[in-house]
Amino acid sequence: MSTTIKIRNLNQYYGKKQALKNVNLTIETGMFGLLGRNGAGKTTLMKVLATLLPKSEGEVTVCGTNVSRAQEVRKNTGYLPQEFSMYPNMTVYEAMDYLGVLSGLSKSERKQRIPKLLERVNLLENRRKKVKALSGGMKRRLGIAQAILHDPKVLIVDEPTAGLDPEERVRFRNLLCEIAEDRIVILSTHIVGDIEATCENIAVLDEGEIIYKGTVSELTGMAEGKVFQAEISKRELETLKKQCVVTSMLTLGNNVMVRFLSDEKPFASAKPCEAGVEDAYMYLMQERGGGDGCLDNYL
Amino acid sequence: MFGQLFIKECRQTAKSLIYWLIVLVLIFNFATQLGNMDIMQKPKEGQEDYGYKQSDDKNMIMRTTLGQLLEEYYRESYSTYPIGFYKSVTLNDKEDKQIEEIIKETTGLSGRTETRKAIEKWYAAQPKETNAEGALVLRKSMEAEPVEGLTFERFEELMDEADHILGGGSGYEEVSRKSASVPMTYEDAVEEYRKLTEKDRLTGGYARLFSDYMVIFLGLLPVFLAVTRELRDKRAGMQDLIYTRKGSSVNIIASRYLSMLIMLVLPVLALSVIPLSQCLRYASASGISADIWAYVKYIFGWLLPTIMTATAVGMFFTELTDTALAVLIQGAWWFVAVFTGISTLKGGIYGWSLIPRHNTELNWTGFHDNFSQLASNRIVYASISIILVAFTAFIYNQKRKGRYTVSWKGFGRLKK
């Protein structure tokens with residue numbers, strides 16, 4: 001059985017509204033990032049893959065099984081939704097054990113796997129703690145542990161780092177990378193930093209359409225030679241914003257150090273610099289005509 | 001998988017607050033209604049009172065029903081239970097005249113003066129007794145002699161008319177006329193005692209009485225447990241985690257259902273040990289061969305279908321609507337069943353009520369003669385509940401696949 005996800009001509013509708021438009025993707029083992037602003041259709045695509053939504057049109061197979069055969073697909077997939085919790089009065093171990101039974105694991109399998117997984121997500125010492133007493137980061141880690149409890153070939157993770165503090169976010173990204181060694185991990189997010197830190201292959205969704213698919217380095221390559229940096233006055237900043245997409249800025253007294261996108265050097269003091277994923281993403285959105293000139297919405 | 005899931009569901013139920021509240025209500029109901037249960041002693045000749053029995057003697061039914069009508073007509077006040085609650089009815093002149101006509105046709109008495117005389121004459125002829133406080137006690141309710149030639153069919157028609165005039169729920173409606181309460185003689189009492197100890201082997205009769213008290217609450221309380229269980233996933237934000245598991249919807253729903261049934265039956269079984277031990281002590285002292293399994297038989301045969309139905313209604317409507325609507329639906333059903341059951345308290349008339357009543361340890365004959373009616377009732381409810389659970393599993397499965405969503409703008413929608 002191949003560890004591949006194939007999506008061909010996928011269209012998804014909510015009534016008259018089209019949430020996904022002719023999506024075509026092939027995803028192989030490893031981390032795969034799905035990037036896009038809020039409402040781009042990422043969660044819809046994740047739900048189709050997790051068999052929580054029936055596809056409207058197209059062909060979707062997970063490890064060779066059509067998603068319409070939900071029960072078969074569920075054997076091979078683990079899912080961590082954007083919004084989730086567990087029975088608050090259950091302990092961490094009880095919650096895992098309950099979901100293990102629902103995954104069809106035998107008592108001995110659960111006894112063997114749960115402590116190992118809890119150790120892997122650094123929750124073993126909290127196994128007797130009630131779910132309601134866990135912090136946001138702990139809950140997310142428990143979410144990952146439950147999602148890989150039955151050792152799925154595909155792990156679908158929807159906006160996992162939202163609301164986490166920087167330390168937890170880094171820890172969580174590392175955990176995902178470890179897990180992705182021998183399976184597909186699809187990370188859906190609107191946070192460019194998460195993708196930059198973890199994924200080699202990505203796709204960018206906008207208004208239901210895939211506007212980019214390829215490697216992260218190819219994406220950054222698109223913005224190469226188009227990223228500049230300059231120290232300008234605050235008055236000049238307003239003019240610059242009207243002409244270019246500003247990807248970052250740092251106030252320095254009465255001046256501002258700005259990083260921006262431009263097809264050619266706009267003024268003498270502007271210095272070309274190496275493009276990052278954020279720059280490339282903003283460039284992509286600008287090219288599509290969807291950028292609003294500020295990166296704040298994507299961070 | 002089913003067995004392990006079932007055990008996990010039982011544990012969840014055992015940890016839920018609503019479950020223990022239900023247990024407390026059942027204990028309270030038992031303690032107040034059956035806490036001081038007296039076992040019927042063997043009747044002795046010359047006893048003051050042997051109680052009442054139900055009679056299907058048509059003449060007796062006519063006499064007692066007409067007696068009641070005369071008294072209520074004379075008082076110008078009628079007791080009715082239109083939706084179960086007591087209501088005193090006073091008639092207008094036109095309606096009063098219509099009742100007067102009915103009385104004239106059935107008893108030959110015309111107007112209040114003749115009615116008063118008939119009542120006084122009847123009571124004057126009754127043997128008078130005084131109770132411990134010295135008050136005068138009459139052991140027999142008013143009876144009136146029907147006019148010669150009055151057929152039971154005509155009597156029924158006229159009583160239906162009277163019930164209609166009174167707005168329904170009166171002592172003259174069809175179900176109330178099917179039997180009449182008449183005082184038992186010594187021989188009657190001995191015969192009832194013989195049936196209780198020989199046919200019912202003592203425990204049978206008391207198990208029925210126990211079931212009668214318990215079935216009232218078990219027709220409603222399980223719905224709360226089912227609704228909270230089905231809403232728990234949504235409240236805990238756990239729906240998607242469960243939906244994406246390999247386990248089948250049938251296994252998930254069936255294990256929840258079965259666990260709730262078992263957990264609800266357990267306290268009832270535990271409570272039944274108290275009256276059972278009382279019965280066994282009495283049986284042992286009196287040389288009666290008691291049926292030790294009687295309570296278990298009645299709990300599973302009489303109470304379980306009601307528990308099954310209330311639980312299934314809770315699960316079905318909660319999955320269908322993602323709300324606690326089932327409480328309202330079951331509450332309304334329970335209300336109607338309990339209060340219409342008031343007229344069939346003495347047992348023997350089980351019909352299709354969700355809450356069949358038999359509020360006496362006696363009346364084995366009524367139970368025996370209508371056993372097939374009761375059995376059909378229980379089988380139908382058990383079947384309905386299994387069908388509802390099957391539909392619940394279907395809806396649950398559609399929700400897991402995103403094919404059924406509940407949005408209150410357009411209620412639940414099933415996608416292709």
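1. Arg256(B) and Glu9(B) form a salt bridge, with their closest N and O atoms 3.7 Å apart; a salt bridge here is a side-chain nitrogen of Lys or Arg within 4 Å of a carboxyl oxygen of Asp or Glu. Arg256(B) belongs to helix H12 of chain B and Glu9(B) to helix H1 (residues 2-14) of chain B, so the pair ties together parts 247 residues apart in sequence. Helices (H or I, at least four residues) and strands (E, at least two) are DSSP runs numbered from the N terminus. Both Arg256(B) and Glu9(B) are buried, where buried means under 20% relative accessible area, exposed over 50%, and partly exposed in between (1.4 Å probe, protein chains only).

2. This is a predicted model, in which local features need pLDDT of at least 70, side-chain atom pairs count only at pLDDT 80 or more, and totals for chains, interfaces and linings use all residues. Residues are numbered from 1 along each chain as its sequence is written, chains are lettered from A and ligands numbered from 1 in the order in which they are written, and side-chain values use heavy atoms, with hydrogens and water left out.

3. Arg256(B) also meets Glu230(B) in a salt bridge (3.6 Å, N to O). Here helix H12 of chain B, which holds Arg256(B), is linked to helix H10 of chain B, which holds Glu230(B), so the pair ties together parts 26 residues apart in sequence. The relative accessible area is 0% for Arg256(B) and 4% for Glu230(B). Through shared partners, salt bridges join Glu9(B), Arg229(B), Glu230(B), Asp233(B) and Arg256(B) into one network.

4. Not counting residues up to four places away in sequence, Arg232(B) touches Tyr87(A), Gln12(B) and Ser16(B), contact meaning heavy atoms within 4.5 Å.

5. A salt bridge in chain A joins the side chains of Glu72(A) and Lys75(A) (3.1 Å, N to O). The two residues are 3 apart in helix H2 (residues 70-76) of chain A, and thus separated by about one helical turn. Glu72(A) is partly exposed, at 33% relative accessible area, and Lys75(A) is likewise partly exposed, at 36%. Over all chains, a search of the whole structure finds 33 salt bridges.

6. Ser248(B) occupies the loop between helix H11 (239-243) and helix H12 (249-286) of chain B. Its C-alpha atom is separated by 55 Å from that of Ser286(B), 38 residues away along the chain. Leaving aside neighbours within four places in sequence, Ser248(B) is in contact with Gln71(A), Met1(B) and Arg400(B).

7. Most residues other than glycine have a negative phi. Asn122(A) has a positive phi, near 60 degrees, and sits in the loop between helix H4 (107-120) and helix H5 (136-147) of chain A. Phi of Asp151(A) is also positive, near 55 degrees; Asp151(A) is in the loop between H5 and strand S7 (154-158) of chain A and is partly exposed at 43% relative accessibility.

8. Chain A contains 10 helices and 14 strands. Its radius of gyration is 21 Å, close to the 19 Å that the globule rule gives for 299 residues, so chain A is as compact as a globular protein of that length; the radius is taken over C-alpha atoms, and the rule is 2.2 Å times the number of residues to the power 0.38. The C-alpha atoms of chain A fill a box of roughly 70 × 45 × 35 Å along the principal axes. Buried residues make up 54% of the 299 residues of chain A.

9. Chain B has 16 helices and 8 strands. Its C-alpha trace spans about 80 × 60 × 40 Å along the principal axes, and 50% of the 416 residues of chain B count as buried. Among contacts in chain B with a separation of 6 or more, 76% are accounted for by residues 24 or more positions apart.
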